[in-house]
Amino acid sequence: MRNTDDLLSVAVYARDRLNPYLFNYALSVALLHRPDTKDLPIPNFVETFPDKFVDSKVFASVREEAAIVPVGSRRPIVIPRDYTASDLEEEHRLWYYREDIGINLHHWHWHLVYPFEANNRSIVDKDRRGELFYYMHQQLMARYNFERFSNRLKRVARFNNLREPIAEGYFPKMDSLVASRAWPGRAAGTKLKDLNRDLDQVKMDVSTLERWVDRFYETIHQGFAVDTQGNRIPLDDNRGIDVLGNMMESSILSPNRQLYGDLHNMGHVFISYCHDPDHRHLESFGVMGFFANW
């Protein structure tokens with residue numbers, strides 16, 4: 001699009017014809033990366049789609065307070081502390097961190113600044129992208145572990161064996177106003193299983209993830225990655241972590257997507273579908289499959 005008038009025209013046309021999440025994402029990425037709109041504020045996701053963070057019952061209370069209760073008599077709407085679990089679940093002590101709106105919005109904003117689907121290299125190839133991908137997640141986990149220690153919990157357990165059950169369950173208690181159905185939960189002890197979901201065009205085995213993990217370990221031990229032409233890319237002190245980060249969150253910057261796969265993004269996908277891997281229950285993906293949830 002040549003100018004902002006063209007962008008506005010396309011946005012007006014697409015707004016009523018695209019999935020609203022897709023429209024918000026596409027418009028936000030365009031505003032961030034066009035030189036003539038990069039200084040414009042992007043739509044705040046929590047204000048555009050508050051249903052991603054607040055139960056639909058809260059909206060009913062908001063409408064009642066706004067439409068029926070007169071000004072001066074309105075009361076604050078309190079969201080209970082024990083919202084997604086009770087104190088019977090030990091991990092619920094960290095609810096305030098895992099469900100923090102700011103952290104989850106940060107994860108959404110990361111994907112706006114660093115879109116991995118883009119084919120335009122100038123949009124994807126930002127300085128130290130892979131390194132910052134690693135650093136951002138390392139800092140999130142470091143803070144997470146400190147929060148765990150502060151709540152008398154052990155350091156988070158590594159998920160090294162992809163065949164082991166995920167001990168903790170999670171039930172988000174949220175509704176998708178776009179899909180008009182509740183976000184599915186994950187029972188305690190759920191295992192990752194081979195995905196065979198024709199409707200979502202997702203078909204992949206857990207063994208594929210395991211092969212990608214093995215290739216990452218092999219690459220690190222060897223000290224170099226291999227591109228599609230067979231050339232070695234050294235993992236030196238200058239850009240080794242940048243290469244590995246770009247391989248982990250695969251994009252056109254990955255030296256060999258066929259060899260190293262898309263471990264980070266497909267890890268999200270496997271977890272988000274583990275409650276219904278073959279679509280036999282006609283369930284959609286869980287919250288781990290959406291950018292606004294880390």
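**Exercise 1. A salt bridge between buried residues**

State whether Glu-249 and Arg-129 are buried or exposed, and describe the contact between their side chains.

Solution. 
Step 1. In this predicted model, Glu-249 and Arg-129 are both buried.
Step 2. Their side chains form a salt bridge with an N to O distance of 3.2 Å.
Step 3. The two partners come from distant parts of the chain: Glu-249 belongs to the loop between α10 and α11 (257-260), Arg-129 to helix α8, and 120 residues separate them.

**Exercise 2. Other salt bridges**

Determine how many salt bridges the structure holds, then characterise the pairs Arg-197 with Asp-276 and Glu-90 with Arg-93.

Solution. 
Step 1. The total is 13 salt bridges.
Step 2. Arg-197 and Asp-276 are joined at 4.0 Å, N to O. This bridge also spans distant parts of the chain, from Arg-197 in strand β3 (residues 195-197) to Asp-276 in the segment after α12, 79 residues apart. Arg-197 and Asp-276 are buried.
Step 3. Glu-90 and Arg-93 meet in a salt bridge at 3.8 Å, N to O. To classify their exposure, apply the band between the 20% and 50% cut-offs, which is called partly exposed. Glu-90 has a relative accessible area of 43%, so Glu-90 is partly exposed. Arg-93 has 27% and therefore counts as partly exposed.
Step 4. A network of salt bridges links Glu-91, Arg-98 and Arg-148.

**Exercise 3. Aromatic pairs around Trp-108**

Classify the geometry of the ring pairs that Trp-108 makes with Tyr-25 and with Phe-45.

Solution. 
Step 1. The structure has 17 aromatic pairs. One of them joins Tyr-25 and Trp-108, with centres 6.0 Å apart and 70 degrees between the planes. An angle over 60 degrees counts as edge-to-face, and the Tyr-25 and Trp-108 pair is edge-to-face.
Step 2. Tyr-25 lies in helix α2 (residues 20-33) and Trp-108 in helix α6 (residues 101-113), so this pair links distant parts of the chain, 83 residues apart.
Step 3. Tyr-25 counts as buried because its relative accessibility is 13%. Trp-108 counts as buried because its relative accessibility is 4%.
Step 4. The rings of Phe-45 and Trp-108 have centres 4.2 Å apart and planes at 35 degrees, so this pair is tilted. Phe-45 is buried, as is Trp-108.
Step 5. Ring pairs build a cluster that includes Tyr-25, Phe-45 and Trp-108, along with Tyr-21, Phe-49, Phe-53, Trp-183, Tyr-273, Phe-285 and Phe-290.

**Exercise 4. Charges over rings**

Which rings lie under the charged ends of Lys-52 and Arg-17?

Solution. 
Step 1. For Lys-52, the ring is that of Phe-290, and the charged end is 3.7 Å from the ring centre. Phe-290 is also a member of the aromatic cluster.
Step 2. For Arg-17, the ring is that of Tyr-13, with the charged end 3.9 Å from the centre.

**Exercise 5. A surface patch**

Which residues form a nonpolar surface patch with about 300 Å² of accessible area together?

Solution. 
Step 1. The members are Tyr-134, Tyr-135 and Ile-241.
Step 2. Tyr-134 belongs to helix α8 (residues 129-150). Tyr-134 counts as partly exposed because its relative accessibility is 44%.

**Exercise 6. Overall dimensions**

Compare the radius of gyration of the protein chain with that of a compact globule of 294 residues.

Solution. 
Step 1. A compact globule of 294 residues would have a radius of gyration near 19 Å.
Step 2. The protein chain has 21 Å, which agrees.
Step 3. Along the principal axes, the C-alpha atoms fill a box of roughly 70 × 55 × 40 Å.
Step 4. The chain has twelve helices and six strands, and 38% of its 294 residues are buried.

Terms used: Residues are numbered from 1 along each chain as its sequence is written. This is a predicted model: local features need pLDDT of at least 70, side-chain atom pairs count only at pLDDT 80 or more; totals for chains, interfaces and linings use all residues. Side-chain values use heavy atoms; hydrogens and water are left out. Patches are made of residues with over 30% relative accessible area and no salt bridge: like charges are joined within 9 Å, nonpolar side chains (Val, Leu, Ile, Met, Phe, Trp, Tyr) within 5 Å. Accessible areas come from the Shrake-Rupley method with a 1.4 Å probe; for residues, only the protein chains shown count as cover. Helices (H or I, at least four residues) and strands (E, at least two) are DSSP runs, numbered from the N terminus. Buried means under 20% relative accessible area, exposed over 50%, partly exposed in between (1.4 Å probe, protein chains only). Rings of Phe, Tyr and Trp (its six-membered ring) pair if their centres lie within 6.5 Å; planes under 30 degrees apart count as stacked, over 60 as edge-to-face and the rest as tilted. A charge sits over a ring if NZ of Lys or CZ of Arg is within 6 Å of the ring centre and within 35 degrees of the ring normal. The radius of gyration is taken over C-alpha atoms; the globule rule is 2.2 Å times the number of residues to the power 0.38.
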